[in-house]
Amino acid sequence: MSRMRSSVTRGSASANLPATIGIAASGTAAGRASGVVSAAASGQDNTPRSLGPKLNKDFGQHLLKNPLVVNGIIAKADVRATDHVLEIGPGTGNMTVKLLEAAKKVTVVEVDPRMAAELRKRLQGHPHEHKLHIILGDAMKVELPAFDVCVANLPYQISSGITFKLLLHRPQFRVALLMYQREFALRLVAKPGDELYCRLSVNTQLLSKTTHAMKVGRNNFRPPPKVESSVVRIEPICPPPPINFTEWDGLLRIAFARKNKLISSNFKVDSVLAMLEANYRAFASVSGKSVDGLDKEKIKDLVTDIIDKAGLSDARAGKMDLDDYMKLLVAFNEAGIHFA
Ligand SMILES: C[S@@+](CC[C@H](N)C(=O)[O-])C[C@H]1O[C@@H](n2cnc3c(N)ncnc32)[C@H](O)[C@@H]1O
């Protein structure tokens, strides 16, 4: 019986990531630096060491060598036989092989041609080879297909960017199981009042339900990274909230500039008032609204009034929830205060 070969596309560079949402979460974007090769903590290494290209830490190449972890991630993704799965960064295919068994189709996006070649070689003659489609390119730049489930042991340097690229992708997917650096993962799931609660938490949770799915120790990777990892389950909120994300993220940037201060004082910083005044004038000129007598002091009074009326005069960014932020954005916009 002749077997169909996997298909390969060279990705086009059309990253259409809207606005600025969530890209710069504070202090979280460190990549995994290479460490010393060592044996898995549990389970068997399913990557033949004699095969495969030299691992490149610039691409975050830390292969998941413990099949128990691979199977655990795929089980939590609840892949159905009818699913089209997207895998970011397949490497030598430790997860890809398992995904092919479970899904109808698997599209992988791999930036390193040596890895893509290795994957093709590994799957040559495999009974599910025909289900595999390889996109050779940078996942941040290529156009992603419609898919049901995303699974990835991510290169950590693209954690924030790829998370929002996925969340803003249309049509929406059902679920994503993504491996992150532990601290980044904890930020994604942090709740108001938690130490790690930040703009990244609020932006992600506006668009999805996030849960911490699994801790993964360093020794499950080859080579082991310097940091611990965690898998997060991400379920997009469907339909997405009808929010102008540029406005939303603009408000959050001001709020989280000093998350433990009173929110009202964050909006009274000189540079913030100047920006709000300029935006107010721009919107007023479009809508024909008068700006007679408008100055920074007037904007300050308006801001104070809005925050008071929203019942947030004692609130601090680090303790406000999604509803508080939504209420505040609506009140600001209704009064002609804009963040973009
Ligand atoms: C942490 S390794 C995971 C490999 C494999 N999935 C595994 O678990 O064994 C990350 C993979 O992503 C690839 N990669 C790095 N940056 C990428 C990017 N911007 N777009 C697509 N793939 C990327 C690397 O070449 C590497 O194969």
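Trainee: Let's begin with Asp78; where is it found?
Mentor: Asp78 is found in the loop between α1 (67-77) and β3, where helices (H or I, at least four residues) and strands (E, at least two) are DSSP runs numbered from the N terminus. This is a predicted model, in which local features need pLDDT of at least 70 and side-chain atom pairs count only at pLDDT 80 or more, while totals for chains, interfaces and linings use all residues. Residues are numbered from 1 along each chain as its sequence is written.

Trainee: And what is phi of Asp78 near?
Mentor: Phi of Asp78 is near 55°, which is a positive value in a residue other than glycine. Most residues other than glycine have a negative phi.

Trainee: Is Asp78 partly exposed or buried?
Mentor: Asp78 counts as partly exposed because it has 13 C-beta neighbours inside 10 Å. A residue is buried if 20 or more other C-beta atoms lie within 10 Å of its own, exposed if 12 or fewer, and partly exposed in between, with C-beta atoms placed from the backbone.

Trainee: Moving on to β3 itself, how many of its five residues are buried?
Mentor: Four of the five residues of strand β3 (residues 84-88) are buried, so the strand is largely enclosed by the rest of the structure. The chain then crosses from β3 through α2 to β4 in a β-α-β crossover that is right-handed, meaning that, with the strands pointing away from the viewer, the path from the first strand over the helix to the second runs clockwise.

Trainee: Which strands does β3 pair with?
Mentor: β3 pairs with β4 in the parallel sense over five bridges, and Val85 stands opposite Val106 in β4. β3 also pairs in the parallel sense with strand β6 (residues 149-153), over three bridges, and there the bridge partner of Leu86 is Cys150. Two strands pair if DSSP finds at least two bridges between them.

Trainee: Changing topic, which residues does UniProt list for "binding site"?
Mentor: The unreviewed UniProt entry lists His62, Leu64, Gly89, Glu110, Asp138 and Asn153. UniProt positions are given in the numbering used here, feature names are shortened, and annotations may be inferred rather than shown by experiment.

Trainee: Where are His62 and Glu110 placed?
Mentor: His62 is in the loop between β1 (7-10) and β2 (63-64), and His62 is buried because 27 other C-beta atoms lie within 10 Å. Glu110 is in strand β4 (residues 105-110), and Glu110 is likewise buried, because 28 other C-beta atoms lie within 10 Å.

Trainee: What does Glu110 touch?
Mentor: Not counting residues up to four places away in sequence, Glu110 touches Gly89, Pro90, Met115, Ala116, Leu119, Ile134 and Leu136, where two residues are in contact if their C-beta atoms, placed from the backbone, lie within 7 Å.

Trainee: How many residues surround the ligand, and which are the closest?
Mentor: There are 23 residues around the ligand, and the closest are Leu64, Gly89, Gly91, Ala139 and Asn153; a residue is near a molecule or strand if its C-beta atom, placed from the backbone, lies within 6 Å of it. At least two residues of this shell come from each of β2, α2 (94-102) and β4.

Trainee: What does the shell have by class?
Mentor: The shell has 13 nonpolar, seven polar and three charged residues. Ala, Val, Leu, Ile, Met, Phe, Trp, Tyr, Cys and Pro count as nonpolar, Asp, Glu, Lys and Arg as charged, and the others, Gly among them, as polar.

Trainee: What about helix α5, which of its residues are buried?
Mentor: In α5 (residues 182-189), the buried residues are Phe184, Ala185, Arg187, Leu188 and Val189, and what covers them includes α4 (159-167), β7 (175-181), α6 (199-207), β8 (208-216) and β10 (229-236).

Trainee: Last topic, which residues does a cis peptide bond join?
Mentor: A cis peptide bond joins Arg222 and Pro223, with omega about -10°, and Pro223 lies in the loop between β9 (221-222) and β10. The bond from Cys238 to Pro239 is also cis, with omega near -5°, and Pro239 is in the loop between β10 and α7 (245-255).

Trainee: And for the chain, how many helices and strands are there?
Mentor: The secondary structure comes to 11 helices and 10 strands, and buried residues make up 43% of the 340 residues.
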